[in-house]
Amino acid sequence: MSQPENYESTQLYKIRHSLAHVMAQAVLEMFPNGKVAIGPPIEDGFYYDFDLPRALTSDDLAAIEKRMRNIVKQRHTFAFRELSADAAKKLFVDQPYKIELIEGLEAGGLDDNGEPLPEDQKPVITTYKHDTFEDLCKGPHVEDLGKINPKSFRLLSVAGAYWRGDEKRAQLQRIYGTAWENSQELQDYLHKLAEAKKRDHRKLGKELDLFSSDSDEIGNGLILWHPKGALMRHLIEEFYRNEHLKNGYDLVSTPHIGRGKLWQTSGHLDFYKEGMYSSMEIDEQDYYLKPMNCPFHIMVYKNSKRSYRELPMRYSEWGTVYRYERSGTLHGLLRVRGFTQDDAHHFVRPDQLDEEIDFTLKFSVHMLRSFGFEDIQAYLSTQPAEKSVGAAADWRKAESALEASLKRSGLSYELDAGGGAFYGPKIDLKIKDAIGRAWQLSTIQVDFNLPERFDMTFIGQDGQEHRPFMVHRALLGSLERFFGILVEHYAGAFPVWLAPVQAILIPIADRHIEYANKVCDSLKEAGIRAEVDDGGDRMGNKIRKAQGQKIPYMLVVGDKEMDAEEVAVRLRNGEDLGPKSVAAFSEIALQAVADKLA
């Protein structure tokens with residue numbers, strides 16, 4: 001186990017934070033009447049929001065970056081000071097966004113970025129100044145700009161951003177930058193960005209005809225699955241369901257809407273209403289589109305009186321849920337408004353918790369590895385310091401069970417102290433994709449809250465009612481997001497078992513089309529998804545088109561192959577396997593499917 005390093009204490013954070021201030025200085029020099037909002041460091045870089053008289057161009061970014069390098073080379077130091085609210089307002093008299101932040105600090109409860117402070121923390125107004133630029137800030141920064149390599153940062157892009165994330169407020173221009181400790185790290189990161197751009201699931205989804213969305217006609221954040229994408233979705237769901245049935249899960253299916261009473265009992269209307277869609281009236285009752293599946297699974301459990309002998313019970317569902325996400329946060333398949341969760345809920349006796357966590361963790365890792373993800377990192381999140389429900393003894397038992405299971409699993413894990421939900425501790429599993437990006441996928445969450453809210457019980461060996469523990473388990477997260485990650489991980493060149501078209505027959509001339517169709521029919525009978533390209537293009541163009549579609553096997557047939565009843569096998573990476581009998585090729589392809597090979 002390792003404790004994650006506090007990002008704010010690292011030199012890299014200080015570099016990025018300092019460069020955000022340098023960027024703001026450079027922008028205000030270019031636009032003296034410009035207004036500045038906030039500019040924090042983020043993962044891999046920094047940003048700053050501006051209210052400017054015109055839209056920024058790529059030439060502007062280049063000029064701002066050049067000026068930033070000149071400022072950095074002057075090695076200015078950062079000076080800290082604490083101010084009264086009145087003094088701060090005078091300092092920022094021409095900066096309305098800063099005035100609003102100061103008023104939030106003055107009233108209490110908000111920090112200098114407008115974020116809520118811990119209840120016991122008193123607001124303090126502080127600034128940092130370098131050269132001519134001073135900003136509301138609590139730090140930290142580098143001691144002086146000489147600590148920053150002028151060749152280790154780059155401005156990347158400009159995007160729109162609403163002030164305070166509120167679509168009803170001013171739209172600002174957000175400049176994103178990246179910064180590293182040396183130029184080689186910067187170049188490595190820029191190479192990674194370029195590779196990520198090539199792998200963008202939105203671009204590949206269109207090129208491979210997998211899915212689309214149409215905000216004008218059907219609405220933002222809603223996905224249309226095209227035939228090839230829907231076939232892949234079916235293959236994922238089929239494998240998923242079969243593995244769950246083999247491992248003691250029961251499949252359930254629940255409605256898309258539920259009465260308001262259900263969501264009141266679950267607490268969603270109290271704590272999650274802003275993430276839910278407006279109610280609809282049916283028979284003079286309020287109904288809501290479901291944002292989660294948990295309450296429905298609980299109602300299945302409660303439909304009968306349960307005995308201790310029946311536990312553990314494992315319910316699994318591909319349940320489509322609907323959540324309101326701000327339009328500015330929507331992103332292809334990775335952030336949508338209607339999505340299908342691979343949801344499971346385990347209902348267990350307290351004495352079964354250790355064994356059940358072991359099973360759930362092992363099963364989750366098995367499933368992730370089946371899709372080709374080998375680099376898996378775990379995170380253990382424990383009881384929050386502020387607010388939580390449930391007895392202290394239950395928290396300790398659940399945390400111990402989770403940590404002991406992680407130790408037995410051999411997975412590398414980090415402790416996120418206080419990072420659990422108010423209703424229980426959890427394990428999060430992150431995978432790394434082909435270019436080293438980390439993605440949060442599986443969550444194993446112990447819940448003390450919902451069993452209490454819904455008065456869930458089982459009859460124990462003593463004949464008395466007892467409260468079960470509930471374990472939430474989202475393995476892939478959501479099908480949409482997982483599909484987007486798969487597209488980017490494989491750059492569209494999916495493993496043979498997932499490829500919508502596994503083999504394409506390429507006849508050299510029209511006289512070979514009949515033989516190609518005969519072979520195609522034979523492959524389909526063997527369970528291989530095959531097609532014939534009987535278009536008028538030359539063979540070379542057909543091969544290039546098949547490679548562009550990332551089809552695993554290209555089977556060229558001409559006079560020689562037709563006479564020998566063979567196919568000339570080429571792989572999508574350009575490798576030539578030479579002539580094979582149809583039976584021999586079928587064996588190769590089917591073995592790749594069975595082994596889940598790329």
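Buried means under 20% relative accessible area, exposed means over 50%, and partly exposed lies in between (1.4 Å probe, protein chains only). By that rule Tyr 13 is buried, at 8%. This is a predicted model: local features need pLDDT of at least 70, side-chain atom pairs count only at pLDDT 80 or more, and totals for chains, interfaces and linings use all residues. Residues are numbered from 1 along each chain as its sequence is written, and side-chain values use heavy atoms, leaving out hydrogens and water.

**Nonpolar cores**
- A nonpolar core is a set of buried Ala, Val, Leu, Ile, Met, Phe, Trp, Tyr and Cys residues joined through side-chain atoms within 4.5 Å.
- The largest has 63 residues; Ile 236 and Phe 371 are among those touching the most other members.
- Helix α11 (residues 353-370) gives the largest share of this core, 8 residues.
- Apart from it lies another core of 32 residues, including Ile 15 and Tyr 128.

**Aromatic pairs**
- Rings of Phe, Tyr and Trp (its six-membered ring) pair if their centres lie within 6.5 Å; planes under 30 degrees apart are stacked, over 60 edge-to-face, and the rest tilted.
- The count comes to 25 aromatic pairs.
- Tyr 7 and Tyr 13 pair edge-to-face, at 5.0 Å centre to centre and 85 degrees between the planes.
- Tyr 7 is partly exposed, at 29% relative accessible area.
- One aromatic cluster is formed by Phe 239, Phe 371, Phe 373, Phe 482 and Trp 497.

**Charge over a ring**
- Lys 596 lies over the face of Trp 497, 4.6 Å from the ring centre.
- The rule asks for NZ of Lys or CZ of Arg within 6 Å of the ring centre and within 35 degrees of the ring normal.

Notes:
Helix = DSSP H or I, 4+ residues; strand = E, 2+ residues; numbered from the N terminus.
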